[in-house]
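Hi,

Here is the structure I promised to pass on.

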Amino acid sequence: MSVLIDIILAILAVYLALQSLLAPRLTQSVFLFFAFGLALALAWIRLGAVDVAITEAAIAAGFLGVLFLDALRDFSPRGSEKKENLEAVQNALPKNNTKSLLLPGMALMLGLGLFLLIALEAVWKIPDGGGLTAAAEALLPESGVEHPVTAVLLNFRAYDTWLEIGVILLGLLAVFAVGGIKIYRKPVMATQDPLLRQVILFFTPVLFLFGAFLLYIGKTGPGGAFQAAVLWGAIGILLHLGGRPVFSMIPRWLGQLLLTIGLGFFLILGFLFIAGGATLFEYPPAHAGVLILIVETMAAISIAAALTAIFANLNQMNEGPNEIESTN
Amino acid sequence: METYQIYTLTSAVLFVIGIGGIFASKHFIKKIIATMIMGGGVFLTFVSLAERDALAFADPVPHALVITGIVVAVASAAFALALARRIYQLTGEESFTDDK
């Protein structure tokens, strides 16, 4: 019975992935990708990885879906107009390119088929090394938390997590570099829509509390900094959509502090450990639990701020030229 | 057939679908979606092997790696999206075309 569920879920994930790439319209693609992310989240629950499932559903399906939908708004309306022009041009041209497209298509299919066989054989024959479960289990009492995934993320492999916060910040800087920093100049204009106002009033405290709960529960069960950060980031996105862009309302230095506090605090803590004679990110076992909770809170604040800023910047990206066009 | 075996096979299929999508699809957004599907395949391999190595709980190291990986993948997808929108803004192109 359980095997049947797994097979159905696997087929569903493959079907949704194929459909999201084959769908003729971009909107369909994006929504099928949403569904694919959620199907994958279910698969992860089946595999006992609840932390991964929450992260997938929240960041990969939720946050990325929002970014895609936001991008669609700019790509679709003018795009369709353009496509008609393009089709007209293509119809005017003599159609001699069907034959030349056939050969690469065949080669691609053949190559993919071969690659699929190789990949299937490779994953089937991955050697059984026993994994690191036993090592993690043995060291769990010293980590200061009871949940093994949190112990690995913030204690055993804290270095990875620290670098990851840096990667998110780097992603934000890259988005800034591409789009230009317009984020702080947007005039603050609250929404007139009463429904959206009520939604913001209702969801802001709920999301905040739920995020804090996930952050705290990470000590004993599935949850933690990343999951909490997405919920807090959702508050920022909601406020932004409601006409209250957080980063133009707070002073600039405060925004920068929020963005860097996770990375900075983690690093300062690491240096303090080194100064105390330990290695980088080697928590003293007696205080590990408290320190991990503080680090997680700082990291969650930073990641939430970075996600909000990424969304805000992408959201305003295509408003710039539109405004210029309208004033011209 | 064990649960993890089903999902390792699925992960290989997803990876290949993603690669095919990168080559075959034209639009920037579809290419980004294809890379995310490819990444999903890789993560699925990790997590299903974590389930294989489970004792009292599933192997937490691949789980932590995958959580980190998802967040990094999303950050890079956001950057790719920013690049795609910038290209569209400046040139009006929504895919890589060489026939002009």
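Below is what turned up, starting with chain A and ending with the interface.

A word on conventions: residues are numbered from 1 along each chain as its sequence is written, and chains are lettered from A, with ligands numbered from 1, in the order in which they are written. This is a predicted model, where local features need pLDDT of at least 70 and side-chain atom pairs count only at pLDDT 80 or more, while totals for chains, interfaces and linings use all residues.

Chain A has 13 helices and zero strands (DSSP runs numbered from the N terminus: H or I of at least four residues for helices, E of at least two for strands). Of its 328 residues, 38% are buried, meaning that 20 or more other C-beta atoms, placed from the backbone, lie within 10 Å of the residue's own.

Even so, 12 residues of domain 1 are in contact with 13 residues of domain 2 (contact: C-beta atoms, placed from the backbone, within 7 Å).

Now the interface: 76 residues of chain A are in contact with 67 residues of chain B. Helix H3 (50–92) of chain A is one of the helices that each supply at least two residues to that side, and H3(A) gives the most, with 15 residues. By class, the chain A side has 52 nonpolar residues (Ala, Val, Leu, Ile, Met, Phe, Trp, Tyr, Cys and Pro), 11 charged (Asp, Glu, Lys and Arg) and 13 polar (the others, Gly among them).

Cheers

Note on methods: Two residues are in contact if their C-beta atoms, placed from the backbone, lie within 7 Å. A residue is buried if 20 or more other C-beta atoms lie within 10 Å of its own, exposed if 12 or fewer, and partly exposed in between; C-beta atoms are placed from the backbone.
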